[in-house]
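Please keep the sequence and the model in view while reading.

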Amino acid sequence: MAKAYVIVGGSLAGATAAVTLREEGADGSVMLIGAEGEPPYERPPLSKAYLRGEVPFDKSLVRPAAFYGEHGVETMLGVRAARIDPSAKFVELDDRRRVPFDVLLIATGCRNRRISIPGSELEGIYSLRTVEDADRIKAEIGVGRRVVVVGMGFIGSEVAASLRQKGLDVVAIEPAKTPLFRVLGEAVGQRLADLHRAHGVRTIFEDTVAAFEGAQRVSSVLTKSGLRLECDFVVAGIGVEPVVDILDGTGVRVDNGVVVDQYCQTSVPGIYAAGDVANHYHPVFERQIRVEHWHNAVKQGAAAARNMLGRAVPYDEIHWFWSDQYDANLQYAGFHTKWDQLAVRGRLDSGSFLAFYINDGRIDAVVGLNRAKDVRRAIPLINARRMLNLEQLQDESVDLRSLHAA
Amino acid sequence: MATEFVTATIKTSEIPAGGIVAVNVRGTQIAVANAGGSYYAFDDLCTHEQCSLSEMGELAGTTVTCTCHGSEFDVQTGKVLAPPATVPVKVYPTRVEGDALQIEV
């Protein structure tokens with residue numbers, strides 16, 4: 001029977017779901033609603049090649065603009081979905097139009113956390129999420145211009161690297177002891193701090209921004225420890241929060257994003273979620289996980305679409321992401337929050353290593369710096385949830401593939 | 001422009017099973033994959049961000065994964081099997097005579 005499939009969120013996850021619904025033979029209409037005016041695009045280039053002016057925006061489109069119409073996907077772009085009525089089964093847009101659905105996907109993603117300290121309303125303070133944000137930062141780029149990057153998570157680290165590559169004078173400030181401290185820990189984080197310093201970034205750790213100063217436009221940043229950093233502009237990357245407002249009053253369970261089971265379905269049958277917003281049950285790690293990365297948006301968007309078609313395929317992808325900074329390729333696979341052992345293949349200070357985060361004798365995750373092949377070869381070892389010989393993991397002469405079936 | 005088969009500087013015996021090796025054929029860097037005894041030739045540079053597929057690629061069956069960012073290609077046709085790449089990789093016909101590998105460029 002023909003159904004109305006509606007996707008809220010013109011995101012990578014949403015667009016991938018729409019395309020997958022069509023590829024897998026959805027009988028009925030497929031409607032994609034996106035708040036941004038552009039056709040769905042990928043965000044990784046916004047902090048890297050696009051920000052540096054090396055690739056045009058078109059290269060970031062999930063599909064060419066004309067693709068959707070040609071493939072039977074209706075789009076409503078530049079309109080925001082305002083509320084959902086799960087019993088009458090419609091989505092109401094902010095212009096009061098109503099879009100009926102039989103099966104609904106929430107792919108609303110995240111929004112940036114905002115800094116709220118004295119001076120945060122000054123001009124010249126940016127965050128990065130959309131292509132418009134990237135364009136505003138791009139317009140500030142100039143050799144010798146001074147930028148303060150607030151936060152050294154993925155976005156802050158990548159922006160610091162890109163701006164340094166463009167010849168700016170970069171100061172990066174981070175409350176933790178290292179970049180990506182919470183995810184990767186101190187030992188690996190220190191290597192990333194080294195990387196930034198080697199490229200001429202001035203790094204300030206264990207300090208935070210107390211105030212932005214300036215007349216109309218920011219001209220300096222004052223830190224809690226009392227440093228005053230003169231600057232021409234600021235980029236803040238202090239984290240994100242899932243966009244769940246639309247679910248108010250729907251009965252859909254929300255807890256650190258939209259809670260979904262391993263079939264990407266929410267607590268309300270017929271309503272699914274995927275991508276950054278989805279706090280999903282992961283059958284390999286046997287817990288709820290919410291991931292804010294490209295690979296999950298692609299894979300979970302597709303998985304949600306299959307489940308929307310009634311295929312009942314569990315989403316059990318091992319999470320994976322990359323972060324290119326300068327000429328270094330950082331990759332991570334798996335999921336960990338704590339570890340009792342860090343096994344390292346190669347040397348942490350060598351510019352090329354693979355580190356295994358081991359908990360209770362099992363590999364929960366790996367991180368590799370310039371070790372892309374090893375990261376990929378480690379994924380089956382994570383998936384296996386087995387005890388492994390630590391010496392073999394650390395022995396460069398042992399091909400990780402030889403441990404897959406062992 | 002007319003194409004012709006050119007004998008590569010590498011012999012088939014020098015390409016391990018499941019391996020990918022780069023050869024330079026008339027100024028073009030071409031990757032050759034040995035997929036179960038069949039040899040497939042394609043542009044060495046990933047169409048996403050130009051990583052070398054002979055260096056960064058992992059071959060499984062006839063699928064090459066660019067481990068830099070995860071793009072997957074079918075080495076038989078060049079077709080994109082997984083993003084972020086969107087543009088197919090160019091493939092070149094091959095033929096084997098003895099242990100000589102010939103690539104049509």
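## Conventions

Helices here are DSSP runs of H or I with at least four residues, strands are DSSP runs of E with at least two, and both are numbered from the N terminus. The model is predicted, so local features are given only at pLDDT of at least 70 and side-chain atom pairs only at pLDDT 80 or more, while totals for chains, interfaces and linings use all residues. Residues are numbered from 1 along each chain as its sequence is written, and chains are lettered from A and ligands numbered from 1 in the order in which they are written.

## A bent helix, α5 of chain A

Helix α5 of chain A covers residues 181-198, and although it has 18 residues, its end C-alpha atoms are only 19 Å apart, short of the 26 Å that a straight helix would reach; the expected span is 1.5 Å times one less than the number of residues. A kink of about 85 degrees is centred on A:Ala187, the bend at a residue being the angle between axes fitted to the seven residues ending there and the seven starting there.

Among the buried residues of α5(A) are A:Phe181, A:Leu184, A:Val188, A:Leu192 and A:Leu195. A residue is called buried if 20 or more other C-beta atoms lie within 10 Å of its own, exposed if 12 or fewer, and partly exposed in between, with C-beta atoms placed from the backbone. After α5(A) comes A:Gly200, which has a positive phi near 90 degrees.

## An enclosed helix, α4 of chain A

In helix α4 of chain A (residues 154-165), the end C-alpha atoms are 16 Å apart, which agrees with the 16 Å that its twelve residues should span. Eleven of these twelve residues are buried, so α4(A) is largely enclosed by the rest of the structure; the buried ones include A:Glu158 and A:Arg164.

The buried residues of α4(A) pack against α5 and against the strands β10 (146-150), β11 (169-174), β16 (233-236) and β22 (320-325) of chain A. Just after α4(A), A:Gly167 has a positive phi of about 85 degrees.

## Domains and cores

Chain A is divided into domain 1 (3-111 + 240-308), domain 2 (125-236) and domain 3 (327-403), with bounds that come from an automatic or database domain assignment. The C-alpha centres of domain 1 and domain 3 of chain A lie 32 Å apart.

The largest nonpolar core has 88 residues, and those with the most contacts inside it are A:Val147, A:Val234 and A:Val366; such a core is a set of buried Ala, Val, Leu, Ile, Met, Phe, Trp, Tyr and Cys residues joined through C-beta atoms within 7 Å. Apart from it lies another core, of 53 residues, among them A:Val8, A:Ala13, A:Val62 and A:Ile271.

## Backbone features in loops

A:Glu286, in the loop between β20 (278-282) and β21 (287-290) of chain A, has a positive phi near 55 degrees although it is not a glycine, and it is exposed, with 8 other C-beta atoms within 10 Å. In chain B, the loop between β2 (20-25) and β3 (28-35) holds B:Arg26, whose phi is positive at about 50 degrees; B:Arg26 counts as exposed, with 9 C-beta neighbours inside 10 Å.

The peptide bond from B:Pro83 to B:Pro84 is cis, with omega near 15 degrees, and B:Pro84 is found in the loop between β8 (80-82) and β9 (91-92) of chain B.

## The contact between the chains

Chain A gives eight residues to the contact and chain B gives nine, where two residues are in contact if their C-beta atoms, placed from the backbone, lie within 7 Å.
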